[in-house]
Amino acid sequence: MKYEKILNDTWEYLEDNYKGSEITIQLWLHLIEKKCDNNYCLKQCIKLMFSQWEYFDFEQRQLDIDYIKENYGIKVV
């Protein structure tokens, strides 16, 4: 699937180039945004990405939900 490929490619890029650094959801979103060619693609990738991101902190999860809504206009849950 196209969206999974974008997520896999961008995640692989992050792992290869940010070794030893904390990879943030904002950084991943920035790369996804560059790879998507239209808003629908971006929306689908963000929803898929958010469903795959593992949270250990409820407060951080809520901050990311708010960040995505504010910056991309997408509701994720």
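A: K5 and D9 are separated by about one helical turn, because they stand four residues apart in helix α1. Helices here are DSSP runs of H or I with at least four residues, strands are runs of E with at least two, and both are numbered from the N terminus. The model is a predicted one, in which local features need pLDDT of at least 70 and side-chain atom pairs count only at pLDDT 80 or more, while totals for chains, interfaces and linings use all residues. Residues are numbered from 1 along each chain as its sequence is written, and side-chain values use heavy atoms, with hydrogens and water left out.

K5 and D9 form a salt bridge, their closest N and O atoms being 2.8 Å apart. The term stands for a side-chain nitrogen of Lys or Arg within 4 Å of a carboxyl oxygen of Asp or Glu. D9 is partly exposed, at a relative accessible area of 32%. Buried means under 20% relative accessible area, exposed over 50%, and partly exposed in between, computed with a 1.4 Å probe on protein chains only.

The count of salt bridges comes to two. In the other entry, D37 pairs with K2, with 3.5 Å between the closest N and O atoms. D37 sits in the loop between α2 (25–35) and α3 (39–52), whereas K2 belongs to helix α1 (residues 2–17), so this pair ties together parts 35 residues apart in sequence. D37 counts as exposed at 58% relative accessibility, and K2 is partly exposed at 44%.

The buried residues of α1 are Y3, I6, L7, T10 and L14. Seen down the axis of α1, they fall within an arc of 95 degrees, so they line one face of the helix. The arc is taken from the directions from the helix axis to the C-beta atoms. An α-helix has 3.6 residues a turn, so residues three or four places apart point the same way. Exposed K5 and N8 are carried on the face of α1 turned away from its buried side. Among what covers the buried residues of α1 are α2 and α3, where contact means heavy atoms within 4.5 Å.

Six aromatic pairs are found in the whole structure. One of them is W11 with W28: their ring centres are 4.8 Å apart and their planes lie at 55 degrees, so the pair is tilted. This pair links distant parts of the chain, 17 residues apart, with W11 in helix α1 and W28 in helix α2. Rings of Phe, Tyr and Trp (its six-membered ring) pair if their centres lie within 6.5 Å; planes under 30 degrees apart count as stacked, over 60 as edge-to-face and the rest as tilted.

W11 is partly exposed, at 28%, whereas W28 is buried at 6% relative accessibility. W28 also pairs with W53 in a tilted arrangement, 5.7 Å centre to centre with 40 degrees between the planes. Because W28 lies in helix α2 and W53 in the loop between α3 and α4, this pair ties together parts that are 25 residues apart in sequence. W53, like W28, is buried. Through these ring pairs, W11, W28 and W53 are linked into a cluster.
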